[in-house]
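Here is a short tour for anyone meeting this structure for the first time. Have a look at the sequence and the model, then read on.

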Amino acid sequence: MKLTTIGLNHQTAPLSIREKLAFTAAQLPEALRDLALHAAEAVILSTCNRTELYCVGDADAVIEWLAHYHNVSEAEIRPYLYTLGCSQTIHHAFRVACGLDSMVLGEPQILGQMKEAVRVAKAQNSVGTWLNALFQRTFAAAKEVRTHSGVGDNVVSMASAAYRMAEQVFSDIHSLNILFVGAGEMNESVAAYFAAKQPRTLTVANRTAERAEALCRKLGQNARTAALEDIPSQLAQYDVVIVCTASERELITREMAAQSAAQRSGKTQFFLDLAVPRNIEPQVAHIGGTVLFTVDDMAERVHQGKEARQAAAAAAEEMVQAKVAEFLAWQQSRQRVPLICALRDEGERARKQVLENAMRQLAKGTPAEEVLERLSVQLTNKLLHSPTRALNKATAHDTHVVNALTQVYRLPK
């Protein structure tokens, strides 16, 4: 068993592949329990830009499980996957947590997403010694790197990028009616950004009405809720439709969008699908008067300001390298703990044996000075027996034995 990561992200795979391998929040507990049959430890990180499986186990077995779980062939997904070994996994986890591997360089949301992934995995008892140590060190390092490197400064967020995309289509945001389908973290941040620009109306539709109502209270007086089942009949009312849910099916179909376009009489309608898997049927983009963007279309927008963060990113990379080296050194020291324990146990066994002999001699009336002399000689002989025997057996080529004992006992060379 070894530490490994199997994954794909926005740099290695298109959206059409990423959505096939994505895990919804509802799927994660069951998926982790199933994966535990194939790996000793596991954490699944699944976001709109990446799916990564951090495991203690065999990489090929995990890839086979991933393909089987999502009902795709290994041949189809392998070209897009990266497989990382132990030290690579540690380095990668640190970079991801710091936002150095994100579409938005330095973006802060990924750290929270990683923490949530670990929390869910712990709830399913799929986190053990290896992954617990990895992520504890990862989160601590990410906090320090973000604080001292400035890599998260001047970040162009997904929320601001979404607004700018809509702004390029519509000249007057204040006159728009905006619909948000989904009330999760991503849509909440995007909705808050739009609300600050004071559009005409903001509507939130969500599977759970209570969550939609809670988001509307945060957004302000012009925000209201709508039922998901009413979207097909009301879709034409909205100029901007932003969708991001955990649903595995398309919530807005080509038929719905075509009907909406007909009712809007050529007036432009803007769709933004931030979900993975996608919640809007891709064919919507071919309807006249309709503009459709996906999470991948945002890449160019969020790269704005990236140059200003490159110097900070370089400093962050150096800090990550140092933190990885610290973790690897700690990990190696932990691997020697069993050997240290065994050595001390052997010394304790020898001490007890010699002490028992001394106590028997004292009980027989042997003078204490004589008993102490014997005890010291016996203990010395026992503790030096193994290294002396190793030196006697060493050949002229066994210089490592001689060097090791010389160093351990600080002997003259």
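Leaving aside residues up to four places away in sequence, Phe94 touches Leu134, Arg137, Thr138, Ala141, Val320, Lys323, Val324 and Phe327. Keep in mind that this is a predicted model. Phe94 sits in helix α5, which covers residues 86–97. With a relative accessibility of 2%, under the 20% cut-off, Phe94 counts as buried.

Now for strand β3 (50–56). Here 7 of 7 residues are buried, so β3 is mostly covered. Arg50, Glu52, Tyr54 and Val56 point one way, while Thr51, Leu53 and Cys55 point the other way.

| Strand paired with β3 | Sense | Bridges |
|---|---|---|
| β1 (residues 3–9) | antiparallel | 7 bridges |
| β2 | antiparallel | 6 bridges |

β2 and β3 make a hairpin, with 3 residues between them.

The buried residues of α2 (residues 28–35) are Leu28, Ala31, Leu32 and Leu35. They lie on the same side of α2, because they cover an arc of only 100° around the axis. Residues three or four places apart in an α-helix point the same way, since there are 3.6 residues a turn. What covers the buried residues of α2 includes β2, β3, α3 (59–69) and α6 (109–123).

Zooming out, the domain assignment gives domain 1 (2–149), domain 2 (158–300) and domain 3 (367–412). The C-alpha centres of domain 2 and domain 3 are 77 Å apart.

Key: Residues are numbered from 1 along each chain as its sequence is written. This is a predicted model: local features need pLDDT of at least 70, side-chain atom pairs count only at pLDDT 80 or more; totals for chains, interfaces and linings use all residues. Side-chain values use heavy atoms; hydrogens and water are left out. Buried means under 20% relative accessible area, exposed over 50%, partly exposed in between (1.4 Å probe, protein chains only). Helices (H or I, at least four residues) and strands (E, at least two) are DSSP runs, numbered from the N terminus. The arc is that of the directions from the helix axis to the C-beta atoms. Contact means heavy atoms within 4.5 Å. Domain bounds come from an automatic or database domain assignment. Two strands pair if DSSP finds at least two bridges between them.
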